[in-house]
Amino acid sequence: MKIPLLNPFKRYIQKVGQPPGTLVYTGEEPTEPVRITIIDYDETRFQEEEAETVEACVPFIDTETVTWIQIEGIHEIPIIEEIGECFGVDPLLLEDMLSPTQLPKIEVRENYVFIILKNLDYNAVASQGSKEQISLIIGTNFVISLQENYSEFFTPIRNRLRNGKGRIRRMQAGYLAYALIDIIVDHYFMVLDEINEQIQVLEEEIMTDPSPEVLAKVNALRAEQLLLRRPILPLRDVLIEILEDEILLLGENTHRYFRDVYDHLIQVIQMLEMIRSAVSGLFDVYTSAVSHRMNEVMKVLTIVATFFIPITFIAGIYGMNFKFMPELEAK
């Protein structure tokens, strides 16, 4: 079973010889245009609209309300350049934003906080995982989220804002950033639960029929869990920095919420270790099942051989073609 992997060196191959900060998109070929959505809110008001350009979002930043600029699609370089010009984002960070192979990281600047993290998904039918890079630019009263593709992933948060439920409409931009990170981490639990169910299915298949096809599925699952593991562990360092530095731009009253999402991430990492051990155990189960089947075959062959040994012995004596043989001339 072939597992498609994004070439981690593609970014560097495309950027050989170019100066640092050169914006080159290195992800998958886009299928849809970039979509920009503006959500502006406070405790008493809510406004949602589509925007044609990033520059159209700037007037919302000058208000006292919280503004969430959701950008779906990062393949159009002029839009990324607009973000740098309108919000003063470092070109080196914009460069990381355009590279889906970038590991989770955090950069704290004077006027904004830049965070890269990964959203994970797993298709149990195809036994294939996928990941999407999500970048966050967090200011005093705004959050810019950038995703690779169109997605309904953040719809629960948008619905909470529309309905005014919970505390999210009463809190500042730092809490919105927490909510976005929290839903990503919570989704990790769903992905790992699906992988755990896949492990149980494979274990039953191994016990029933330890065929080479089942072994191929186990190898594919091992590769997938390693692929999903890579973007999760660095996120722990991102949250540790948020908790230890107590970044003012994220708000003093959001520290306990980030502590909660950090605790959830630790549980995810523990589940990852359990899944890693379980996948390794599948190989032991497969080896034991194959050995057991071989032993059963050997038992049958031993019984057959035991039955034919006396006959072979008699045939060996009486089938010899020479004159002096026992009972040759007996009457």
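Predicted model: local features only at pLDDT ≥ 70, side-chain atom pairs only at ≥ 80, totals over all residues.

Me: Are Phe87 and Phe142 buried or exposed?
Reply: Phe87 sits in helix α3 (residues 77-87) and Phe142 in strand β7 (residues 142-147), 55 residues apart. Helices (H or I, at least four residues) and strands (E, at least two) are DSSP runs, numbered from the N terminus. Both Phe87 and Phe142 are buried.

Me: What kind of ring pair do Phe87 and Phe142 make?
Reply: Rings of Phe, Tyr and Trp (its six-membered ring) pair if their centres lie within 6.5 Å; planes under 30 degrees apart count as stacked, over 60 as edge-to-face and the rest as tilted. Here the centres are 5.3 Å apart and the planes are at 40°, so the pair of Phe87 and Phe142 is tilted.

Me: How do α6 and α7 run relative to each other?
Reply: Axes are lines fitted to C-alpha atoms, for helices over the stretch in contact, and angles run from 0 to 180 degrees between N-to-C directions. The axes of α6 (residues 173-208) and α7 (residues 212-229) come within 10 Å and cross at roughly 160°. Angles under 35 degrees count as roughly parallel, over 145 as roughly antiparallel, 65 to 115 as roughly perpendicular and the rest as oblique. That makes α6 and α7 roughly antiparallel.

Me: Which residues of α7 meet α6?
Reply: Contact means heavy atoms within 4.5 Å. On the α6 side, the residues include Val191, Ile195 and Leu202. Their partners in α7 are Val214, Lys217, Val218, Leu221 and Leu228.

Me: Which residues does Tyr262 touch, not counting residues up to four places away in sequence?
Reply: Tyr262 lies in helix α9 (residues 255-318) and is buried, with a relative accessible area of 16%. Its contacts beyond four places in sequence are Arg236, Leu239, Ile240 and Leu243.

Me: How far apart in space are Tyr262 and Asp182?
Reply: In sequence, Tyr262 and Asp182 are 80 residues apart. In space, C-alpha to C-alpha, the separation of Tyr262 and Asp182 is 8.9 Å.

Definitions and conventions. Residues numbered from 1 in each chain as written. Heavy atoms only, no water. Buried < 20%, exposed > 50% of the residue type's maximum accessible area, 1.4 Å probe, protein only.
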